[in-house]
Amino acid sequence: MNRSRLAFWIFFAPVIMWLVLLIVLPHLDLLTMSFRGENDYGDPIWTFENYTNFFTEPVYWLTFVRTALYAIITTFITFLLAMPVSFFIAKLARTRAQGALMILLLLPFWVSELVRIYGWMILLRESGVLNFFMLKLGIIDTPIEMLYNDATMIMGLVYTSMLFMVVPLVSVMDSLDDSLIEAAHDLGAGHLTIWRTIIIPHCKPGITSGSIVVFMLALGNYLTPNLMGGKNSLWFTEQIYNQFIASFNWNQGSAFGFLLLLLSSLIIWVGLKLTRQKLGEVAS
Amino acid sequence: MSNDLSVRNMVKKFDDFTAVDNVTFDVPKGSFFSILGPSGCGKTTLLRMIAGFEEPTSGAIEIRGKDMLGVPPNHRPVNLVFQHLALFPMMNVEENIAFGLKRRGVKGPEIRKQTDTMLERVGLPGFGGKQINQLSGGQKQRVAIARCLVLEPSVLLLDEPLGALDLKLREQMKIELKKLQTKIGTTFIYITHDQSEALVMSDHVAVMNNGQFEQIGTPQELYGKPKTPFVAQFVGDNNQWSGNVTQSNPGEIIIATDDGYSFRTKGDAPCADGCRVNLYLRPEAIRIEPRQTEGLNVFDVQVKSILFDGANSRLLTTTKEEHELIVTLPQTRKFDHIKPGDTISVGWHPESGICFEAEA
Amino acid sequence: MIRSLPRSKTYNWSFNLFILLYFTFLFAPLVVTCVLAFNDSNFPSLPWQGFSLDWFIADGPDRIGLFHDDQNLRSIVTSFQTAFFVSILSVIVGTCASFLFEKEEFRFKGFLYFLMLAPLVIPGVILGISLLLAANTAGTFFEDVFGLDFDLFRPSFWLVVLGQFSFISTFVTLVVSARLRKFDHSLEEAALNLGATQLGVIWHITLKFLRPAIVGAAAVAFLMSFENFNTTLFLVGSEPTLPINLYLQVRDGSTPVINAVSLLLIVGTSLMALANLYFTKKGD
Ligand SMILES: Nc1ncnc2c1ncn2[C@@H]1O[C@H](COP(=O)(O)OP(=O)(O)OP(=O)(O)O)[C@@H](O)[C@H]1O
Ligand SMILES: [Mg+2]
């Protein structure tokens, strides 16, 4: 390569500053902080205490497991919902309607997550719009509180991360040649067989990247569990927030943060390994 | 002989565009039937209607005497080899071939036996474990055909299956396909825009243009006795003149061409004196320096260049009036003396001219 | 099954119904939010009390409309400022990064590329706390060693900008890289051959070619910054951005002025997203 060194440094300097100062160092700091603590005299020391706390205090690790499980459930439901939607857009909708449907699909997600959740709150709460109509129609006699429970929270999580499943799925389904489905049909395959043997195998890359992103977003979400979840159903990010902002125990919070980072990296790594893909491929 | 397929007055409209326009034909059992036409003339649409992927706007389809209207593709005794093959990339060769059998609930060992026999038949023994992307173009071709044949369809539909192959392979596959068809005896309906494919392989060819069938016949008929100007031009090469009829006798007419020649030619169509006609003449109908000129139309042309192509060599010549003519140059060494720039005399027999009344 | 295959009436019907329900699900919260912004009521709920613009223009004492609500207005301005700086910074650095990764060869390129992708899989909350920790460490360091006190190292406007920039740059890099990959290198070579300098070529030829992608990426960066919550939550100082401000109001309960803000947000982002879509379509 015969490029001028000057050009290289002009590109290299800002990028390395960005990555080192804002990505690498802060996360190293997170790691060290999670091993710091105070002894009985208030002097800073190295310790595993933050991690042992996590394992000995059931509230902590139960929240952790719960968060992971619910994130997986969210991912799965999102997938189940996104599959027919993307199939409709890519393979069933009239070609002219496709573009418009896609835009309609994307629009709500450009709006702040907070606004979307707020919308759900005024729909679902005790004095909410849904209750109002159900009372009017005589379906119920007394308003019911539909907010602040796990089911609603999961619905909220599905809602906020839907897009990141639908978009990759639509694009892989678009790349599936119609004639493959026709050929399978011609050879005598029924709907289920076509889904099982042709569509799902073809969509695997899209399913992986969609699932990874959705899982990540659900795991790291703060707003939805905080505003829609029940009072006694903590999300792990809320634990982190509490440690940092409420109890001001940054060491404990760092340990939690690091554990969450570990979990999300692990799941992503497993997902990529299972489908034999690289992060770079999924990203682009 | 009974017909495997018969299509009656089939029409297909997309909105107000007519893709297939009142097509009627029969395909006898066990024959190789080609539909030949330029790109976009409606071949694929016609085939997809036969396969059941497209609903005809009107018309009837019968396969082995059974009406097929409203029968979904998977219940028709036909299988389609797609234009781009549509092999399943997520399965290997064996799984591709076994796909249809499995759907029919055939048992495992039986499936194995049948796929192996089929692979052998199409000349790919031992290829079962290969992935689709490991195959060459010609091999994919054969797997696609095997995948359909294993289901023993009454009729196999093939949509330009050689389109993606390079020339050499295409030549080879042409012959192999014909051999395969003769061996297994299944009725083939074959779509192509390549006239040589159609002529080489088929028992019968239908020439299609703008959604309509111009002519159905054996390859020899299409070449020797084209019924429409389109067929004359599309099947094989032709030289063309325009002119007026000056005299019409039974079985023969005399034409005065626009550039001043007077030709005698056979005229089947009753043409009144003075009516405008187009005259078509095959390159091989023109004889170079004929020894016997009696009864021939003879005139002089100048050689512009020699288009050497082995057994298929031709001369590009022009008449005095700059009318271009392609003339077959037999490779018998007899004409080796001809050089560009020479003036030679040529002649053709009135029997070999083909005349059509010009459209206004 | 698909467009070209025969489908039963039930199949078509149930699919259309499903899609209809899905889009209702997608838009219900947004529509309800927008409609209730005009309800002449003190609570964001039904029954409908009549049309009113109070929540936009009222000026006390009972109701304070959005245009007189200093706190909300200020947070909108803050959000605009943040988004402005974040887009500029991330477009510059992201463009540099795409040049670096697409055109230069150097040691550890693979590793650096991986680092560049990392923000995609780091939950926003973790990014936030890491940066908070790092800023704190840096602040302590500068104070101890040089006796200097920087505002930057405390939760503040600029820390929020840095925090958002740290992950938005990754998206910009991906968008610009995708376009750069389509660039025909012979154009550059031709320009060099005609006597242009290395940097001159980049400025006159390559950047011209990249312009649609850069504009698109800037718009995406702006929107992402404008609606970011998770990372911002930990870095925000005395000047809350709009999502943070809204969050506090939603959590603690508030008047339909939130609906008014949401309506503006929905309309604004939709317009911006549509404009972006339109221009990128035209650019291709
Ligand atoms: N679904 C459709 N909607 C509208 N028009 C169509 C549709 N399918 C085909 N056509 C039109 O019908 C005409 C015939 O198309 P068809 O695919 O049958 O051509 P073809 O003869 O197979 O061409 P080729 O040799 O290029 O494959 C074309 O002009 C095409 O534009
Ligand atoms: Mg075709």
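User: Is the crossing of α2(A) and α12(A) left-handed or right-handed?

Analyst: Helices are DSSP runs of H or I with at least four residues, strands are E runs with at least two, and both are numbered from the N terminus. A crossing is left-handed if the near helix is turned anticlockwise from the far one by less than a right angle, and right-handed if clockwise. For α2(A) and α12(A), the crossing is right-handed.

User: What pLDDT do local features need in this model?

Analyst: Residues are numbered from 1 along each chain as its sequence is written, chains are lettered from A and ligands numbered from 1 in the order written, and side-chain values use heavy atoms, without hydrogens or water. The model is predicted: totals for chains, interfaces and linings use all residues, side-chain atom pairs count only at pLDDT 80 or more, and local features need pLDDT of at least 70.

User: How is α2(A) oriented to α12(A)?

Analyst: Helix α2 (residues 49-56) and helix α12 (residues 250-275) of chain A pack with axes 9 Å apart, at about 70 degrees. Axes are lines fitted to C-alpha atoms over the stretch in contact, with angles from 0 to 180 degrees between N-to-C directions. Under 35 degrees is roughly parallel, over 145 roughly antiparallel, 65 to 115 roughly perpendicular, the rest oblique. So α2(A) is roughly perpendicular to α12(A).

User: How far apart in sequence are the parts tied together by B:Thr44 and B:Gln83?

Analyst: B:Thr44 (OG1) and B:Gln83 (OE1) coordinate the magnesium ion (ligand 2) at 1.8 to 2.8 Å. Donors are N, O and S atoms within 2.8 Å (3.2 Å for Na, K and Ca); water is absent, so sites may look incomplete. B:Thr44 lies in α1(B) and B:Gln83 in the loop between β6 and α2 of chain B, so the parts are apart by 39 residues.

User: Is B:Ala51 buried or exposed?

Analyst: B:Ala51 is in helix α1 of chain B and touches B:Pro73 and B:Leu157, among others. Buried means under 20% relative accessible area, exposed over 50%, partly exposed in between (1.4 Å probe, protein chains only). At 0%, B:Ala51 is buried.

Key. Contact = heavy atoms within 4.5 Å. Lists of a residue's contacts leave out its neighbours within four places in sequence.
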